[in-house]
Amino acid sequence: MSFKPISDIGEFGLIDRIAAIAAPTLDAAPGLIEGIGDDCAVYELSKSVLQLATTDLLLEHVHFDLLTTPLHHLGSKAISVNVSDICAMNAKPRYALVSIALPSKASIEFVETVYRGMSETARLYNTALAGGDTSASSAGVAISVMVAGEVEKKKISYRKGAQPGDLVCVTGSLGGAVAGLRVLMREKNIMLEHIKHGEPYDNDVMSNLSEYDEAIRRQLLPSARMDIIDFFHKQNIVPTSMIDISDGLASDLAHICKCSGVGAYIEESRIPIHSQTRHIADEFQEDAVNYALTGGEDYQLLFTLKTEQFAAIASHPDITVIGKITPEKESMLLCDIYGMNVDMKTIGGFDHFNHKK
Ligand code: ADP
Ligand code: MG
């Protein structure tokens, strides 16, 4: 028997294989509406209420680096990235279960600081830290969070549901998280060089980097857009489809298009990019739009809306229309600033298994 490395098929290919093996179990839960494939699993709690569940794993050396990550921020991010998946379905979080694996040399203060970050952030989202699991680890710190949420059946938004003619909208601005990561990794290398040569290094990383503070904040301390969900519920807006941007605009829009069986037409000039991000991309001689398309971890919401609902979002200062949904045969096109159409399917997101950008 020959073994194929995971890198041959990447993360999404691997999830497809797992989904095929899990499929026969789905009958075991008759109320299960959505299994693998959307931002959350969805379960019918009653005739009118749905329950949602999502989980995300943060691993030291893969998702975070303790040299550049304040512990309080780490705890906060672990909660926010999960709540973001609940938001992506137009739902509200209720409680979280947190599992943590720690090397035995980790201090009590370390754990308490991480949990204070989690607790303060969970309270912002009206979410209870209601349990979890603790284990020793022989290879760094691992934090796995599961969040359960709820939504009225008539308000839920899936990744499927976008139709030709719908507007494509995005919240906030994109690219900041990867821009912040670039700066942090550069600083880490400078720090290591100093240590290697026995030179003094000003340990206060954050004050060295104050001109990049907003981008770094987006990397270390992202927020879930619960404020947008509150706005949607107040205005009776139900997006025809929605996803949170964890992998990059190109990759996450591709999920909406694939699940909905549609194409999309996006105008590059409309993609909101933070000004600090442009400045950082220039420093690294990279393209800020590419950060937005492939960087990921921005945790903004990408959604589609019936054109009739445009008036309801038009006055919101933090929602931008970036394009429209088209028939599937028209593919996913990006109209660049010169008016040339680029096929967005050729733009890949970050994949931890093959490190392709
Ligand atoms: P997100 O970026 O929104 O967190 P992912 O890309 O991690 O979503 O996952 C996509 C879908 O695949 C989700 O429905 C998730 O529950 C499912 N999934 C991911 N990894 C696994 C796994 N190891 N086993 C079962 N389902 C998985
Ligand atoms: Mg998601």
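Predicted model: local features only at pLDDT ≥ 70, side-chain atom pairs only at ≥ 80, totals over all residues.
An N or O atom in the backbone of Asp 38 is 2.7 Å from an oxygen atom of ligand 1. For Asp 39, an N or O atom of the side chain is 3.0 Å from a ligand 1 oxygen. For Asp 85, the side chain again supplies the N or O atom, and the distance to an oxygen of ligand 1 is 2.9 Å. On its own, ligand 1 has 560 Å² of accessible area, and the protein covers 66% of that.

Now to a pair of helices. How do helix 4 and helix 6 pack? Helix 4 is residues 176-196 and helix 6 is residues 213-220; their axes are 7 Å apart, at an angle of about 105 degrees. Angles from 65 to 115 degrees count as roughly perpendicular, so that is the term for helix 4 and helix 6.

On the helix 4 side, the residues in this contact are Gly 176, Ala 177, Val 178, Ala 179, Gly 180, Leu 181, Val 183 and Leu 184. On the helix 6 side they are Ala 215, Ile 216, Arg 218, Gln 219 and Leu 220. Sorted by class, the contact has 9 nonpolar, 3 polar and 1 charged residues.

Last, one residue in a loop. Leu 221 sits between helix 6 and helix 7, the latter being residues 226-234. What does Leu 221 contact, leaving aside neighbours within four places in sequence? The answer is His 73 and Ser 76. Phe 284 is 63 residues from Leu 221 along the chain, and their C-alpha atoms are 22 Å apart.

Methods. Residues numbered from 1 in each chain as written. Chains lettered and ligands numbered in written order. Heavy atoms only, no water. Polar contact = N/O pair within 3.5 Å; in protein donor to acceptor, adjacent residues only side chain to side chain. Areas by Shrake-Rupley, 256 points an atom, 1.4 Å probe, with all protein chains shown as cover. Axes fitted to C-alpha atoms, helices over the stretch in contact; angles between N-to-C directions. Helix = DSSP H or I, 4+ residues; strand = E, 2+ residues; numbered from the N terminus. Parallel < 35°, antiparallel > 145°, perpendicular 65-115°, else oblique. Contact = heavy atoms within 4.5 Å. Nonpolar A, V, L, I, M, F, W, Y, C, P; charged D, E, K, R; others polar.
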